[in-house]
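Welcome! Here is a short briefing for anyone meeting this structure for the first time. Please take a look at the sequence and the model, then read on.

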Amino acid sequence: MNSRQKQSIETELKIVRTALSLMRKKGYENVGIREICDAAGISTGAFYHHFKSKEDMLNIGFGTYDEYLAEVLETYENPDPLEFLRFVLLNQTEYVMKQTGSLTSELYRALLSSNDKYAIDTFRLYYRTVRKAIELCLKEGKFHASFTADYLTEFLIRVVRGDIIDWCLHEYSYNLMEYVGKDLNVIFAGLCCKTE
């Protein structure tokens, strides 16, 4: 990646972070593109150079988690692949709760109306990291080998996404981390190989 491409990505992330910050304070519907541009210190033309619309920008907003995950992984040390998998899935859940909170339903609404669905891009860091952990679990015999790493990656990410959507439907009224943790316990108990 050349310096111009890096600068473009940094600008996009700056716009998204600025927009999310404004939207957490004022609500999605109460923040316009001009206000986002002013707060980010960019022109409206620069915004439209990077994004087609506010909804398109929110779709790309899922990329802010991948940036955060890259930083977190630099210091993660537990070698157990099952614990690593749990950590990544719960870390993403915690990020959603803390960084997007009540905007989460708007993020999913934007995702559904966008042609470019970054959140389900299997090449993004989140997917690749979950898949790597699952591959290690399969290799070390922690999971039954009756499913492929690709299937289990999609399955576990779908479960967490479903929990997040349920949390939105219940108007953020329960502790999402607790529920995702319980769901993962149930799923891992079924996937794990029993040792006698």
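Helices (H or I, at least four residues) and strands (E, at least two) are DSSP runs, numbered from the N terminus. This is a predicted model, in which local features need pLDDT of at least 70 and side-chain atom pairs count only at pLDDT 80 or more, while totals for chains, interfaces and linings use all residues. Residues are numbered from 1 along each chain as its sequence is written, and side-chain values use heavy atoms, with hydrogens and water left out.

- Ala189 sits in helix α10, which covers residues 176–191.
- With a relative accessible area of 43%, Ala189 is partly exposed (buried means under 20%, exposed over 50%, and partly exposed in between, using a 1.4 Å probe and protein chains only).
- Ser43 belongs to the loop between α2 (33–40) and α3 (44–50), and Ser43 is also partly exposed, at 43%.
- Leaving aside neighbours within four places in sequence, Ser43 is in contact (heavy atoms within 4.5 Å) with Arg34 and Cys37.

**Where two helices meet**

- The axes of helix α1 (residues 3–26) and helix α5 (residues 63–73) come within 10 Å and cross at roughly 110°. Axes here are lines fitted to C-alpha atoms, for helices over the stretch in contact, and angles run from 0 to 180 degrees between N-to-C directions.
- That makes α1 and α5 roughly perpendicular to each other; angles of 65 to 115 degrees count as such, under 35 as roughly parallel, over 145 as roughly antiparallel and the rest as oblique.
- Leu13, Val16 and Arg17 of α1 make the contact with Gly63, Thr64 and Glu67 of α5.

**Salt bridges**

- The whole structure holds ten salt bridges, each a side-chain nitrogen of Lys or Arg within 4 Å of a carboxyl oxygen of Asp or Glu.
- Glu67 and Arg17 meet in one of them, at 2.8 Å from N to O. Glu67 lies in α5 and Arg17 in α1, so this pair ties together parts that are 50 residues apart in sequence.
- Asp150 forms a salt bridge with Arg131, their closest N and O atoms being 2.5 Å apart.
- Arg131, Glu135 and Asp150 are linked in a network of salt bridges.
- Within α10, Glu178 and Lys182 are four residues apart, so about one helical turn separates them; their side chains meet in a salt bridge at 3.3 Å, N to O.
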